[in-house]
Amino acid sequence: MTTFTLRVARAGQDDGELTALPERVYNLGSATVDPASALAHQEEVADVGVRIAFDRPAPRVYPMSVNSVTTDDTIGVHSGRTSGEVELVLVVQDGEVYVGVGSDHTDRELERHSIIWAKQYCPSVLGRRVRPLADVEAAWDRLVLESEVDGELYQRSPASVFLPPRDVIAALGARITDLPKSYLVYCGTYTSLDKRIRFGTRWTARLRDPEGDSLELDYAVVDLLAEVEPDHRVPLRPTDQ
């Protein structure tokens, strides 16, 4: 079983420790309070050839294997067309809920063929610190989600544009046949500032509380195929031969 050792940030206290053993990972799409506010992100992924299943009601659920999530500082991919995005992450352990920050790193070329396959292929990165749900709810209206790519600001939005954590859990309960006691939820993302998908080698994501503690992650992306001499690289697709 995949195990994550996380730190729990509590107001006015030293960080505690949480051992999370999720049975499932659920990645959500279009999990915004106002469905229309998700349109800009849908348009920017459409610009790189991604098709969304609009015949399925939002928030759409993309179930992932637990071993597709990592807290590592470096992830390996096989092309230069992968990108991250900041997301709220719910860590539900034996019914207790914690909120963290993550990046749903995605191979955009593969995503043109299947969103689920693309998300499963690239590791989803999880920050190592989380906050109890009660602390996050008390600060909800002032929380800000941000991401950077190669040192440049990429995304910024209020956390409140997304469904509150309890509403996310309720939506999952209506969509999942047998919701386990321990799982992770990536709660979707918002459009980039310039409304276009960016590619890069270093990604930073944060859930920022202007009046309190902020949660962050930072990771590098390595194109593993680029490490192979050009004449010996296996093509990504047969048509590349």
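The paragraphs below follow salt bridges through this predicted model.

Side chains of opposite charge can pair when their charged atoms come close. Counted with a cut-off of 4 Å between a side-chain nitrogen of Lys or Arg and a carboxyl oxygen of Asp or Glu, the model holds 21 salt bridges.

One of them joins the side chains of E109 and R81, with a distance of 3.4 Å from N to O. E109 belongs to helix α2 (residues 108-111), while R81 sits in the loop between β6 (74-77) and β7 (82-83), so this pair ties together parts that are 28 residues apart in sequence. R81 has a relative accessibility of 35% and therefore counts as partly exposed.

A further salt bridge connects R142 with E211, whose closest N and O atoms are 3.7 Å apart. Here two loops are linked: R142 is in the loop between α4 (133-139) and β13 (144-149), and E211 is in the loop between β16 (202-208) and β17 (215-223), 69 residues apart. With a relative accessible area of 30%, R142 is partly exposed, whereas E211, at 64% relative accessibility, counts as exposed.

The strands β13 and β16 also take part in such pairing. R206 forms a salt bridge with E148, and their closest N and O atoms are 3.5 Å apart. Because R206 lies in strand β16 and E148 in strand β13, the pair ties together parts that are 58 residues apart in sequence. R206 counts as buried at 12% relative accessibility, while E148, with a relative accessible area of 21%, is partly exposed. Both residues belong to one network, in which salt bridges that share partners join E146, E148, R156, R206, R208 and E216.

Notes:
Residues are numbered from 1 along each chain as its sequence is written. This is a predicted model: local features need pLDDT of at least 70, side-chain atom pairs count only at pLDDT 80 or more; totals for chains, interfaces and linings use all residues. Side-chain values use heavy atoms; hydrogens and water are left out. Helices (H or I, at least four residues) and strands (E, at least two) are DSSP runs, numbered from the N terminus. Buried means under 20% relative accessible area, exposed over 50%, partly exposed in between (1.4 Å probe, protein chains only).
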